[in-house]
Amino acid sequence: MTKQEVSERFSGGKVRHEVCTHKGVQWIGRIIGLLVCVLLIKWAPSDVGNRILCYVLVVCIMWWMHGLDEVLVYICERGFVLKQRPSTLRDYFHSVICHDEYYMYVAFDTVVGFTENWKELQAVSPHGGIYVVPLDLQLASYKDKLRLQEAVRYYRENHE
C-alpha cells in the first residue's frame, strides 16, 4: 500500500512517516533466507516428489523474504495506520494473500500506549472500554519506536 492509498483509504490525513522492520534485521533475514534456498537447491533429493517439496520450500522462503520490508505502521497527521498481526494460522495465510485488509486506523486521541514488548497497542474505544491491537513491532528500530511515542505526545500537546 502506498502513502497516497493510505491517505485516501483512511481518515488520518497525510502520511508523515513509515515504520518498517529494522534494516539490519531485513538484511540478516535475506542473507539467511538465500543461504537456505541455495542449500535446498544444491542438496535437493533426486526423486521427483522430494525435489518438488524443496522447490515449494524455496518459493515460501522467497515469499517470506519479500515480506520483510513491508510497512508495519504509517504515522499520519491525526493517527496511526497499523498492520495487525494475524492471530491464527488461517488469518496468517489470509493476510499473505490480502495484506491490505489487515491495516486499521487508530486516532492519536484514543491511543493509551504500547505494551512493553511492542507486541500490542492499547486504545480507548468510543464506548469507554479499552481495545488491544496485536502488532509486530518488536523488530522495528529504536528510532522508529521513539517516533511512534513522539507522534502521540506531539498530538496531545498541540490538541488539548
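A: Lys and Arg count as positive here, Asp and Glu as negative; His and the chain ends are not counted. Each charge is placed at NZ of Lys, CZ of Arg, CG of Asp or CD of Glu. On that basis the protein has 18 positive and 18 negative side chains. The centres of the two sets lie 5 Å apart.

This is a predicted model: local features need pLDDT of at least 70, side-chain atom pairs count only at pLDDT 80 or more, and totals for chains, interfaces and linings use all residues. Residues are numbered from 1 along each chain as its sequence is written, and side-chain values use heavy atoms, with hydrogens and water left out.

The protein has 5 helices and 7 strands. These are DSSP runs (H or I, at least four residues, for helices; E, at least two, for strands), numbered from the N terminus. Their order along the sequence is α-β-α-α-β-β-α-β-β-β-β-α. The C-alpha atoms fill a box of roughly 70 × 30 × 30 Å along the principal axes. Of the 160 residues, 36% are buried. Buried means under 20% relative accessible area, exposed over 50%, and partly exposed in between (1.4 Å probe, protein chains only). A contact is heavy atoms within 4.5 Å. Among contacts with a separation of 6 or more, 60% join residues 24 or more positions apart.

Now the core itself. A nonpolar core is a set of buried Ala, Val, Leu, Ile, Met, Phe, Trp, Tyr and Cys residues joined through side-chain atoms within 4.5 Å. The largest one has 22 residues. Val 73, Phe 80, Leu 121, Leu 137 and Leu 148 touch the most other members. At least two residues each come from β2 (71-76), β3 (79-83), β4 (103-107), β5 (111-114), β6 (120-124) and α5 (142-158). The top contributor is α5, with 4 residues.

Take Leu 121. Beyond four places in sequence, Leu 121 touches Phe 80, Leu 82, Val 106, Val 111, Gly 113, Phe 114, Tyr 131, Val 132, Val 133 and Leu 135. There is also a second, separate core of 9 residues, including Phe 10, Val 15, Val 71 and Tyr 74.

Next, the loop between β5 and β6. Trp 118 sits there. Trp 118 is buried because its relative accessibility is 11%. Its phi is near 60 degrees, a positive value in a residue other than glycine. Thr 115 lies in the loop between β5 and β6. At 17% relative accessible area, Thr 115 is buried. A polar atom of the Thr 115 side chain lies 3.4 Å from the backbone nitrogen of Lys 119. Outside four places in sequence, Thr 115 touches Glu 120 and Gln 122.

Then the loop between β2 and β3, which holds Arg 78. Arg 78 has 40% relative accessibility, so Arg 78 counts as partly exposed. The Arg 78 side chain reaches the backbone oxygen of Ser 11 at 3.1 Å. Leaving out residues up to four places away, Arg 78 touches Ser 11, Gly 12, Gly 13, Tyr 105, Ala 107, Phe 108 and Tyr 155. The C-alpha atoms of Arg 78 and Trp 27 are separated by 32 Å; the two residues are 51 apart along the chain.

Gln 26 is buried, at a relative accessible area of 2%. Apart from neighbours within four places, Gln 26 contacts Cys 20, Thr 21, Leu 68 and Asp 69.

Technical notes:
Polar contact = N/O pair within 3.5 Å; in protein donor to acceptor, adjacent residues only side chain to side chain.
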